[in-house]
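User: I'd like to learn how to read a few features in this model. Could we start with how exposure is judged?

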Amino acid sequence: MLIQEDLSIQQKLEILSDAAKYDVSCTSSGVDRKGTPGALGNAVKAGLCHSFSADGRCVSLLKILFTNQCIYDCKYCINRVSNDVVRTSFTPEEVCTLTMEFYRRNYIEGLFLSSGILYNANYTMELIYQTLKLLRQVHHFYGYIHVKAIPGADAVLVEKVGLLADRMSVNLELPTAEGLKRLAPGKSRSKILTPMRQIQTRIAADKNELIPYQRGSRFVPAGQSTQMIVGATPENDFQMIHVAEALYKNYDLKRVFYSAFIRVNDDSSLPALPGGPPLLREHRLYQADWLMRFYGFQAGELLSEEKPNFNVLLDPKCDWALRHLEQFPVEVNRADYYTLLRVPGMGVKSAKRIVAARKSAVLDFPDLKKIGVVLKRAMYFITCNGRMMQPVKIDQDYITSHLVGEEKRHVWDIENRDSYRQLSLFDDMKLTVAPTVQDVRAAAIGDL
């Protein structure tokens, strides 16, 4: 397996940005940092997700692999060592050139840098460190940077990279050790969790000011995240969210990302997926993850060993409410904040607004609509001043039949979207006139 060294920076970009599209572990920055005189860029919370591709993935970051060469033979990965694909690698200087030129043209707001394993973990991590050091200290780029920690790399290298990055992530890949052993024989749970624990401990030390403040930012100020592949192995939804819950509690992760398995390799150990990638299942896992992170739900409340998978036609919150009708209807003018959070059709913002508004007024259904409550769902589970919005029978079958009709449209949208097409920086968005070769090359190298 040889690296093609005679490729142009444009050709490398096309190969290595395409190879990065299966890694979904990027989102908004989660960190605020003002611009510095004499430096370029800043980082703003929720400021990096303004643009999305057709499949919903963020494209405001320059999202690339440092190299698509890899020593591992993971069955599900397009870059596995046994695949016959064109291999290439950036240099640290090339990544800096692309990042700075795209930033100056307002194409991006930051960098998402992942990588295959070039020769070994330490060699690859050292190259990533040199790249970030050039960006921060030579080019004075203080925009958002999300970088992957390479499992197996020396702890000193992880530390050095973490002092230059805003967020780091270590992909768990598969939810169980058995799944890793079967589909990613070169990886192990302990090898993945070791750098995850190191990052967690170092972030906690910074927050407690046990380590002196350095440079302009602390160690990984936006926290760490991970990714799990959905549908490549037989684990059910309960196992998936149970693992996610444990990661949040034990490793203080900011996000767990879920990636619907796409069969990019012809391998007998991989599922056939006659219906395509399990996009609806991915969607349900994200909904459940949101409930655990912001709504106070536990994994064991949403699913169990007896009911191990999410309802296809109802979102997890509605499904939970229908299984616990004894807790409804809820009186909006008296229920506490955490009870309101469990009402379908109410979110964090609307629940907070209700608690604040009822201090000075008695709320009715028109007030709830103005506040942002989705009454089409909430009307079956709430009362205002002791009365319901419409005559409703508190019966599981009756309410389900009304809620399913609304949800079917959302299910169709999810299952029929063109989900594996990642928006390219050179995407013509289906225009009839494509950019010229000269325009594409000029955009890549900044020679305008």
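Analyst: A residue is buried under 20% relative accessible area, exposed over 50%, and partly exposed in between, using a 1.4 Å probe and protein chains only. Tyr 338 has a relative accessible area of 59%, so this residue is exposed. Keep in mind that this is a predicted model: local features need pLDDT of at least 70, side-chain atom pairs count only at pLDDT 80 or more, and totals for chains, interfaces and linings use all residues. Residues are numbered from 1 along each chain as its sequence is written, and side-chain values use heavy atoms, with hydrogens and water left out.

User: Is strand S2 enclosed or open, and why?

Analyst: Strands here are DSSP runs (E, at least two residues), helices are runs of H or I with at least four, and both are numbered from the N terminus. S2 covers residues 110-114, and five of the five are buried, so the strand is largely enclosed by the rest of the structure. Gly 110, Phe 112 and Ser 114 point one way, Leu 111 and Leu 113 the other way.

User: Which strands pair with S2?

Analyst: Two strands pair if DSSP finds at least two bridges between them. Strand S1 (residues 61-65) runs parallel to S2, joined by five bridges; Lys 63, for instance, has Phe 112 as its bridge partner. Between the two, the chain passes through helix H2 (residues 92-104) in a right-handed β-α-β crossover. Right-handed means that, with the strands pointing away from the viewer, the path from the first strand over the helix to the second runs clockwise. S2 also runs parallel to strand S3 (residues 144-148), with four bridges, and Leu 113 has Val 147 as its partner there.

User: How do I read an aromatic pair?

Analyst: You describe it by the distance of the ring centres and the angle of the planes. Rings of Phe, Tyr and Trp (its six-membered ring) pair if their centres lie within 6.5 Å; planes under 30 degrees apart count as stacked, over 60 as edge-to-face and the rest as tilted. That rule gives 10 aromatic pairs. In one, Tyr 103 and Phe 141 have ring centres 5.4 Å apart and planes at 80°, so the pair is edge-to-face. Tyr 103 sits in helix H2 and Phe 141 in the loop between H3 and S3, 38 residues apart.

User: Which of these two residues is buried, and which is partly exposed?

Analyst: Phe 141 is buried, at 0% relative accessibility, while Tyr 103 is partly exposed, at 21%.
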